[in-house]
Amino acid sequence: MNPSAVTTPPVTVLGLGPMGRAMAGAYLDAGYRVTVWNRTASRADDLVARGAVGAATVEEALAASEVVVLSLTDYAAMYSVLEPAAPALAGRVLVNLSSDTPERAREGAAWAARHGARHLTGGVQTPPSGIGSAEFDTFYSGPRDLFEQYEDVLKVLTGTDYRGEDPGLAALYYQLQMDLFWTTLTAWLHMLALADANGIKPSEITPYAAGTLGGMEQFLDFYTPRIEAGQHSGDVERISMAVASLDHVVHTTRDSGVDPALPAAVLRTFRRAAAESGEEDSLTRLFEVFGRGAAA
Ligand code: NDP
């Protein structure tokens, strides 16, 4: 047995999808005593072979450790798993690394408190392959004292980024990152389809995509203080230019026989910004246009 097992608290992991399995594995590697439970019991087999205790019931899994890591699809799954075992929740520390909305995270924390458990919300910013590495961070929010008390245990999984007491904050930061991540990844896939339709392989165009994405940081650095200052003058670029440019993309897409729905939808928002704010402004006016809510 690893000597650290003597001093580290036992940990229970509920939910053994790709993420939960990686997490339980990281705790085993770090010498923790790990108890696991999963709805589909067979997913625990390899972890049990590596030394984890496979709990027969949720109650048994909760009884095994004060610290209970939840890695379930969403908060609805948490209620499915924990409601029937609610009397066993008293005194537990739920580290909920299942992603969901900020509001559901707040409701989940209040629900846990009603059953005598404390709740930390987490938003994990790496795929399973990054679990066990300090290279990636997980957002956390909830009681600061609880976070600080268990930070060493959390750090076995990833680096930590504590965002504040509000249980919804970690979920909010996570969703903000997902907003950027999914739309960016989708734009890249659209670019690949457009390239492919013109005989250019993904491996040929992707280095250019990586260059463009790498260069984004300087745009963000340049625009952020201007956006915060409400400065949207078109001294560097104008919405009219962006509309014309994206219109070329839509037409190139259509001419190539590729579905233009994605750039066409973005072009509609550009035109909305031009109509509402004037074509002489910078495209950063979109920040305000989005903030005003859905188009009529
Ligand atoms: P999965 O959805 O693949 O698996 C999660 C687990 O939830 C499984 O063990 C599954 O059990 C269980 N589950 C789902 N519904 C229920 C239910 N009604 N009752 C009981 N158990 C249920 O998710 P991942 O492992 O990929 O991820 C876990 C969390 O981490 C998710 O919230 C995800 O958004 C987040 N995340 C995932 C990343 C990734 O790359 N995978 C990256 C960052 C965050 P069973 O095995 O029986 O189906």
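The protein falls into domain 1 (3-164) and domain 2 (173-291), with bounds taken from an automatic or database domain assignment. The model is a predicted one, in which local features need pLDDT of at least 70 and side-chain atom pairs count only at pLDDT 80 or more, while totals for chains, interfaces and linings use all residues. Residues are numbered from 1 along each chain as its sequence is written, and side-chain values use heavy atoms, with hydrogens and water left out.

Taken over C-alpha atoms, the centres of domain 1 and domain 2 are 38 Å apart. Nine residues from domain 1 and four residues from domain 2 make the contact (heavy atoms within 4.5 Å). Between them the two domains bury about 540 Å², 67% of it on carbon and sulfur atoms; buried area is the accessible area (1.4 Å probe) that two parts lose on being put together, summed over both. On the domain 1 side, S99, F139 and R163 lose the most area to domain 2, together 57% of what that side buries.

What about salt bridges across this interface? Zero are found between domain 1 and domain 2, taking a side-chain nitrogen of Lys or Arg within 4 Å of a carboxyl oxygen of Asp or Glu as the rule.

Turning to the strands (DSSP runs of E, at least two residues, numbered from the N terminus), eight of them form an open sheet of mixed pairing, in the order β3-β2-β1-β4-β5-β6-β7-β8. Two strands pair if DSSP finds at least two bridges between them. At the edges lie β3 (53-54) and β8 (158-164), each pairing on one side only. Strands β4 (residues 67-70) and β5 (residues 93-96) run parallel and are joined by four bridges; V68 stands opposite L94 in β5.
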